[in-house]
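Good morning, and thank you for coming.

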Amino acid sequence: MRPLRYSVNVTLDGCCDHRAIIPDDESFQNGIENINRADALLFGRVTYEMMEAYWRPLVPEWTEPFARMIDAAKKYVVSSTLDRVDWNAELVRGDLGTAVQQLKREPGKGRSWEE
């Protein structure tokens, strides 16, 4: 069974508004490594819409490796309000626990953080 990993960005004051800060090279490299270990990304509607709005258009050159990685990643979006998604994404509806268990049963690399 594929593992489910949780990743969140939090600043020292306990909040991370991605619209108010610009991550450094180390942050982007960490993001690239995390996405490279994942078979897919699981977003809620708000995070999906925020990430898509930022990463789909042209981005600063120094962020291109991360932009290419997240653009290519398979995404699942949990939403009861969206009618459709794109950006290599699929809607997840119904019981979230059942949906996540099904995603975990699908084949994938499931690489550990130590690899």
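Of the 115 residues of this protein, 28% count as buried. Buried here means under 20% relative accessible area, exposed means over 50%, and partly exposed is what lies in between, with a 1.4 Å probe and protein chains only. This is a predicted model, in which local features need pLDDT of at least 70 and side-chain atom pairs count only at pLDDT 80 or more, while totals for chains, interfaces and linings use all residues. Residues are numbered from 1 along each chain as its sequence is written, and side-chain values use heavy atoms, with hydrogens and water left out.

Let me turn to the overall layout. The protein has 4 helices and 3 strands. Starting at the N terminus, their order is α-β-α-α-β-β-α. Helices (H or I, at least four residues) and strands (E, at least two) are DSSP runs, numbered from the N terminus.

How do helices H1 and H3 pack? In general, two packed helices are described by the angle between their axes and the distance between the axes. Helix H1, residues 25–37, packs with H3 at an angle of about 25 degrees, and their axes are 9 Å apart. The axes are lines fitted to C-alpha atoms, for helices over the stretch in contact, and the angles run from 0 to 180 degrees between N-to-C directions. H1 and H3 are therefore roughly parallel to each other. For angles, under 35 degrees counts as roughly parallel, over 145 as roughly antiparallel, 65 to 115 as roughly perpendicular, and the rest as oblique. The crossing of these two helices, H1 and H3, is left-handed. That term applies if the near helix is turned anticlockwise from the far one by less than a right angle; if clockwise, the crossing is right-handed.

My next topic is the charged side chains. How many salt bridges does a search of the whole structure find? The search finds 5. A salt bridge is a side-chain nitrogen of Lys or Arg within 4 Å of a carboxyl oxygen of Asp or Glu.

One of them joins Glu49 and Arg45, with the closest N and O atoms 2.8 Å apart. Both residues lie in helix H2, residues 45–55, and they are 4 residues apart, about one turn of the helix. Glu49 is partly exposed at a relative accessible area of 32%, and Arg45 is partly exposed at 31%.

Another salt bridge pairs Glu52 with Arg56, and here the closest N and O atoms are 2.9 Å apart. Glu52 counts as buried, at 18% relative accessibility, whereas Arg56 is partly exposed at 41%. Glu52 and Arg56 also belong to a network of salt bridges that includes Asp86.

Lys74 forms a salt bridge with Glu90, the closest N and O atoms being 3.3 Å apart. Lys74 lies in the loop between helix H3 (64–72) and strand E2 (75–78), and Glu90 lies in strand E3 (residues 89–92), so the pair ties together parts that are 16 residues apart in sequence. Lys74 is partly exposed at 24% relative accessibility, and Glu90 is partly exposed at 41%.

I now come to the loop between E2 and E3. Ser80 has its place in this loop and counts as exposed, at 71% relative accessibility. The C-alpha atoms of Ser80 and Leu91 are separated by 8.9 Å, and these residues are 11 apart along the chain.

Trp87 is found in the loop between E2 and E3 as well. Is Trp87 buried or exposed? Trp87 is buried, with a relative accessible area of 4%. Most residues other than glycine have a negative phi. Trp87, however, has a positive phi of about 60 degrees although it is not a glycine. Asn88, in the loop between E2 and E3, also has a positive phi, near 60 degrees. Asn88 counts as partly exposed, at 38% relative accessibility.

Finally, please consider helix H4, residues 96–105, where Leu96 lies. Leu96 is partly exposed at 41% relative accessibility. Together with Leu4 and Leu42, Leu96 forms a nonpolar patch on the surface, with about 270 Å² of accessible area. Patches are made of residues with over 30% relative accessible area and no salt bridge: like charges are joined within 9 Å, and nonpolar side chains (Val, Leu, Ile, Met, Phe, Trp, Tyr) within 5 Å. Accessible areas come from the Shrake-Rupley method with a 1.4 Å probe, and for residues only the protein chains shown count as cover.

Ala99 is also placed in helix H4, and Ala99 is buried, with a relative accessible area of 16%.
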